Amino acid sequence: MTWAVLVAAGRGNRMGAGRNKALLPLAGVPVLVRTARALALPQVAGLVAVAAAGEETEVRALLAAAGIAAQVVHGGADRQASVRAGLAAVPRDADLVLVHDAARPLVTPRVILAALDSAARHGSGVAAVPLKDTVKRVDGRGAVLDTPARDTLRAVQTPQIFAAELLRRAHSRALAASLAATDDAALVEALGETVYLTEGDVENIKITTPEDMALAESILARRGEAAQAHPRVGHGYDAHRLAEGRALVLCGVRIPFEKGLLGHSDADVAAHALCDALLGAAGLGDIGRHFPDTDPAYEDADSLQLLARVGGLVRRAGFVLSNADVTIVAQRPRLRDWMPQMAENLARALDVDAARLSVKATTTEGMGFEGEGLGISAQAVALLLPLRP
């Protein structure tokens, strides 16, 4: 029985995107999802995804929305610690463990099966490709020390597959001896065990920089896969009258003010606009269709709870939120101090990172019903990524 450990706990600083590269879209589908799909072979019994701190919920939601069963665990300070954490979650009765980087979404069944076959026969199977360039060993001054024979060198990739007992022993010894290595094969080598290489693929690239992302998209285009998934955009708008005796609730925050918004629910125009944007992007109608104001069940309803239900509908429809932008239009009160909490509330309701939500506010310079203090409106735009191309 083979289990896979998918390492997705890196920060991806060289990508310059400000977030984990495994969560970025590649031709409309998150890199993580593409990689997990590549590992979904009949020979692989289960998957452990190793996520960075604070990203476990997002990774779990992405995989679930894509219909991929996985156990999600918290990663470590470096790749080696993250693999160790994933390995700890693999069932003890697993025969083989496949370790693969989430940043290698273009791996093919041929590469995986070749490594699996080698691991079943020899206890190890590590994908690798011959070098095209001549390699020089240099000293600290850049002076050449020697030129290794190119035909004896290989560039190692993932997957790296080992007998489960062997990989556990290698990581255990490395931890005890404070031994650090850049891949699992080196840890197995440190035990004195032979590591067997198998045929990799030059297209099994590791996405590290924006240039790598562009190359991956071109490879997908050549494979005929790039146009299978397209982002979906939705727009939402809502407006409610201000009235005395009502609480003013915006994005789930109770704002101190002499008036509140009048409506069947808590009349949270910002949450309602975002609901409509999400539903529209997913082709699921509007908020009135799902939560009609004629239904007593939604009287004074908490709109964040409605938003959470919309998030569930969107995920079940096969979409994940890339980002959303909400604009609240109100002459009074001033909302600047509440915006960080508003974004946090929306993100929590949708079970995504707060970095995916933006909340802004503006006035109309005294014009219109907002400017006259008669009501407040909100608009929202949401971008969804399909997870089932």
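Me: How many of the seven residues of strand β7 (residues 124-130) are buried?
Reply: This is a predicted model, in which local features need pLDDT of at least 70 and side-chain atom pairs count only at pLDDT 80 or more, while totals for chains, interfaces and linings use all residues. Residues are numbered from 1 along each chain as its sequence is written, and side-chain values use heavy atoms, leaving out hydrogens and water. Strands are DSSP runs of E with at least two residues and helices runs of H or I with at least four, numbered from the N terminus. Buried means under 20% relative accessible area (1.4 Å probe, protein chains only), and β7 is largely enclosed by the rest of the structure because the buried residues number six.

Me: In β10, which residue is the bridge partner of Val-129?
Reply: Two strands pair if DSSP finds at least two bridges between them. β7 pairs with strand β11 (residues 197-199) in the parallel sense over three bridges, with Ala-128 opposite Glu-199. With strand β10 (residues 154-163), β7 pairs in the antiparallel sense over six bridges, and there the partner of Val-129 is Ala-155.

Me: In β5, which residue is the bridge partner of Ala-49?
Reply: Strand β4 (residues 44-51) is mostly covered, with seven of its eight residues buried. β4 runs parallel to β1 over seven bridges, and Leu-6 stands opposite Ala-49. Four bridges also join β4 in parallel to strand β5 (residues 71-74), where Ala-49 is partnered by Val-72.

Me: Which element gives the most to the lining of the largest pocket?
Reply: A pocket is an open set of points on a 1 Å grid over the protein atoms alone where a 1.4 Å probe fits, with protein on both sides within 12 Å along at least five of seven lines; lining residues have an atom within 4 Å of a point. Here 33 residues line the largest pocket, and Gly-10, Lys-21, Arg-79, Asp-101 and Lys-206 lie nearest its centre. β1 (2-8), α3 (79-89) and β10 each supply at least two lining residues. With four residues, the leading contributor is β10.

How values were computed:
Buried < 20%, exposed > 50% of the residue type's maximum accessible area, 1.4 Å probe, protein only.
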